[in-house]
Amino acid sequence: MRLFVSEGAPGALPVLAAASRARERAELLISTVGPEECVVPFLSGPKIPVLQLDSGNYLFSTSAICRYFFLLSGWEQDDLTNQWLEWEAVELQPVLSAALYYLVIQGKKGEDVLCPVRKALTHIDHSLSRQSCPFLTGETESLADIVLWGALYPLLQDPAYLPEELGALCSWFQMLSTQEPCQQAAETVLKQQGALALRPYLQKQPQPRPREGKSVSNEPEEEELTTLSEEEIAMAVTAWEKGLGGLPPLRPQKNPVLPVAGEKNVLITSALPYVNNVPHLGNIIGCVLSADVFARYSRLRQWNTLYLCGTDEYGTATETKAMEEGLTPQEICDKYHVIHADIYRWFNISFDIFGRTTTQQQTEITQDIFQRLLARGFVLQDTVEQLRCEHCARFLADRFVEGVCPFCGYEEARGDQCDKCGKLINAIELKKPQCKVCRSPPVVKSSQHLFLDLPKLENLLETWLEKVLASSDWTPNARFIIRSWLRDGLKPRCITRDLKWGTPVPLEGFEDKVFYVWFDATIGYLSITANYTDQWERWWKNPEQVDLYQFMAKDNVPFHGLVFPCSALGTEDNYTLVSHLIATEYLNYEDGKFSKSRGVGVFGDMAQDTGIPADIWRFYLLYIRPEGQDSAFSWTDMLLKNNSELLNNLGNFINRAGMFVSKFFGGYVPEMVLTLDDQRLLAHVTLELQHYHQLLEKVRIRDALRSILTISRHGNQYIQVNEPWKWIKGSEADRQRAGTVTGLAVNIAALLSVMLQPYMPTVSATIQDQLQLPPPACSVLPTNFLCTLPAGHQIGTVSPLFQKLENDQIESLRQRFGGGQLQESLELKVIAFSLRCCIKLEVGGYLWQGGDNSLVHLQAKASPKPAVVETVITVGPQQIQVLMDEVTKQGNIVRELKAQKADNNQVAAEVAKLLELKKQLALAEGKPLDPPKGKKKK
């Protein structure tokens with residue numbers, strides 16, 4: 001392993017202090033690098049500290065690296081440690097960053113520095129005092145102690161900022177600071193300069209804005225209620241009293257859904273997924289799930305809404321996958337389209353149509369757009385140098401070429417990008433290129449292609465952008481990406497490829513070419529709509545009456561915000577263009593990337609096998625939706641959010657409200673006589689509901705989810721303060737008070753069931769069934785809090801909505817989706833937080849190393865009498881399936897070479913690869929290795 005740290009990087013303090021544990025169990029090299037050095041090849045900027053595992057993977061989260069070291073030393077994780085780590089990240093870091101910024105950058109002193117962080121320090125002190133233990137989680141030092149010590153040390157090492165009155169905190173901090181690993185870490189990072197050593201680091205950070213006055217406990221914080229005017233309270237009461245009569249009349253549902261003049265017409269698309277890629281959680285939250293929330297919300301507002309998506313089926317990737325699986329491109333598309341549809345169906349995505357791009361309508365619309373661009377002079381012809389395989393008699397798309405990376409020397413670089421160093425490559429730059437099909441060396445030849453003349457369309461695009469950006473909601477990253485493209489100047493873009501699988505080019509001399517997928521994929525939205533209704537132009541050639549919302553990850557922004565608008569504007573055919581371009585950042589998995597081939601991360605076809613309901617997945621993905629910056633899926637965080645926000649907050653409130661009706665009032669909603677405090681609660685709920693509407697109208701999906709949880713907390717606090725279980729035992733007046741509290745609470749639960757519908761549709765329907773919510777109230781979400789369950793309304797049977805996620809269950813899932821590791825081993829515990837690591841076992845006198853979902857023979861161990869290690873070597877079923885697929889793929893390569901009577905040495909090399917894969921598969925399945933074949937002795 002190799003640990004990269006930098007002087008003056010605060011994250012290096014706890015990492016170096018924890019590293020001493022790892023050195024006792026594994027070889028660890030520590031390298032000090034400059035703060036600007038990019039250690040992780042696939043990150044766009046510098047990130048320190050970083051731990052490079054022997055497997056080649058990277059950890060670049062401070063807490064994850066520390067956790068790795070602790071697990072390696074035999075430490076057992078626990079709930080309390082996880083809570084402290086979440087608190088450190090969410091509560092401590094913002095206020096601590098502010099304090100250090102004031103001290104180091106702004107030169108402030110004393111209370112100005114201590115004020116932002118005082119409550120957090122007091123919280124640590126009280127926690128230590130209450131449990132009467134020297135450390136945060138008990139009698140011995142834990143991961144939580146090292147992470148918090150490392151975070152606080154730059155500030156608290158100056159006695160002026162270590163309050164004497166916080167005795168338990170002082171003792172704890174001084175005890176850790178005197179330990180040798182901590183002392184060495186402080187010396188390495190701060191170089192006896194104290195907090196001033198952090199100046200270069202802090203100068204590059206934005207000025208922090210601490211959330212003053214917020215709770216800093218591990219418990220859900222109590223919401224600070226807004227001061228209300230008498231008018232706001234009166235308006236809330238008036239709306240409440242209208243009850244079901246305050247709901248607007250329901251719109252009749254029509255099929256097909258078509259725009260209506262004078263109404264709000266909302267057209268929603270989510271980026272078309274490549275058909276041959278099974279979507280992972282990041283793909284799902286970036287496109288279809290985010291769009292689904294907004295589509296469901298739009299329907300609750302009774303806007304005229306059409307939500308569409310489909311599989312993107314043409315292009316090189318499909319041809320490649322078809323070749324790998326021995327199928328035709330059409331068969332591959334048919335197979336994977338069903339897989340996609342099943343995944344989205346399980347996630348309860350409410351498409352009006354989920355189509356595909358391999359249709360006659362796609363051909364007709366694409367060719368029409370091309371012909372109109374050609375006729376208006378927006379298409380150019382030019383010559384492109386490409387690699388051509390003479391043996392296969394065709395030009396090679398980037399994915400069909402492999403060779404040596406010209407930058408790092410990696411021997412299996414693709415024709416478009418090197419997986420090792422991450423750099424983009426022009427296929428003709430590869431050293432020793434090979435055709436992936438026949439392994440023959442290709443030659444460089446010229447080919448005529450068509451280009452979209454983007455420079456000629458730039459003025460049209462600029463005029464349109466100036467108008468649309470001023471009046472619509474584009475996410476900041478989308479605006480930035482488009483502006484950066486324009487700032488660098490647009491260049492002609494090739495729109496044709498030398499392929500067979502694609503939309504044919506209707507131009508003489510180009511009959512053997514198809515349109516490049518990036519040109520016609522976005523046209524798929526039009527053709528999918530045309531398959532849904534022959535009146536598709538009412539949606540797509542109607543910009544005056546249709547609001548187009550397009551959801552995608554940020555890598556798709558140029559095609560939706562620039563290329564397609566240029567194409568559509570160039571046709572002069574009045575196309576509907578995007579009004580609201582909603583782009584997310586990336587969702588990572590724990591501390592790395594999703595990888596189907598390595599078995600790392602949860603993919604859509606796996607989520608349903610975890611035993612966790614689809615709505616829980618929806619909730620957590622939307623809770624961590626990467627709106628402003630990249631975020632990461634974390635099993636530990638998922639457990640915490642399920643058990644705190646869903647089970648203890650939302651589920652607890654709704655269950656209690658319903659149970660009080662059943663238990664105290666025979667299942668009938670009691671009479672409600674509202675006090676002034678009750679009326680204030682109505683107004684607070686109404687304000688939060690209106691805030692929810694404001695956020696979703698701006699497509700701030702993650703923040704709107706917080707509004708639901710805020711209302712639920714208001715409800716829990718209301719029940720807790722008013723204690724209806726006590727009032728019910730008293731006088732008639734007391735029983736009436738209990739009835740008012742219960743009736744108001746169950747109406748809040750009814751409102752929450754409708755607000756939840758875009759996020760958790762199954763849970764929403766379950767609540768509405770339990771409460772027997774009248775159908776009109778289920779289908780529309782008003783802007784005011786109405787009494788939808790009046791006195792005398794009979795509810796149904798109430799039961800718990802959520803189940804607790806257990807540590808053992810989550811740890812098992814973490815291991816299962818962490819890569820192809822060995823079961824029941826220390827390495828597997830470590831892998832839960834580091835994706836994949838190098839595992840060595842002695843089996844049969846040989847060393848074997850785990851990685852890439854396989855066990856690879858390293859070398860004979862230099863021991864005259866190897867010890868017997870009785871180990872059952874198994875991996876998860878998805879990792880075994882990956883190996884089986886690799887064996888099949890390699891077998892096809894061998895058969896093709898033999899059929900072509902290829903060179904014997906080439907065949908032998910591929911056969912050796914096949915045998916090695918079969919050996920790995922046997923080990924993965926726990927089967928004994930076959931002895932070497934040879935002649936038997938007589």
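In which helix do Arg680 and Asp677 both lie, and how many residues apart are they? Both belong to helix 23 (residues 676-697), where they are 3 residues apart, about one turn of the helix; helices (H or I, at least four residues) and strands (E, at least two) are taken as DSSP runs numbered from the N terminus. The structure is a predicted model, in which local features need pLDDT of at least 70 and side-chain atom pairs count only at pLDDT 80 or more, while totals for chains, interfaces and linings use all residues. Residues are numbered from 1 along each chain as its sequence is written, and side-chain values use heavy atoms, with hydrogens and water left out.

Arg680 and Asp677 form a salt bridge, with 2.8 Å between the closest N and O atoms, the term denoting a side-chain nitrogen of Lys or Arg within 4 Å of a carboxyl oxygen of Asp or Glu. Arg680 is partly exposed at a relative accessible area of 33%, whereas Asp677, at 52%, counts as exposed (buried means under 20% relative accessible area, exposed over 50%, and partly exposed in between, with a 1.4 Å probe and protein chains only). Salt bridges with shared partners also join Arg372, Glu537, Lys541 and Asp573 into one network.

By this rule, 37 salt bridges are counted. One of them pairs Arg439 with Glu402, the closest N and O atoms being 3.3 Å apart. Because Arg439 lies in the loop between strand 12 (431-435) and strand 13 (443-452) and Glu402 in strand 10 (residues 401-404), the pair ties together parts that are 37 residues apart in sequence. Arg439 is buried at 17% relative accessibility, and Glu402 is buried at 19%. Asp630 and Lys554 likewise meet in a salt bridge, at 3.8 Å from N to O. Asp630 lies in the loop between helix 21 (614-623) and strand 20 (631-633) and Lys554 in the loop between strand 17 (546-553) and helix 19 (557-571), so this pair ties together parts that are 76 residues apart in sequence. Asp630 is partly exposed at 36%, and Lys554 is partly exposed at 21%.

Turning to the strands, an open sheet of mixed pairing is formed by 4 strands in the order 2-1-3-4, two strands being paired if DSSP finds at least two bridges between them. Strand 2 (29-32) and strand 4 (58-59) are the edge strands, each pairing on one side only. Strand 1 (residues 2-5) pairs with strand 2 in the parallel sense over 4 bridges, and Ser31 in strand 2 is the bridge partner of Phe4.
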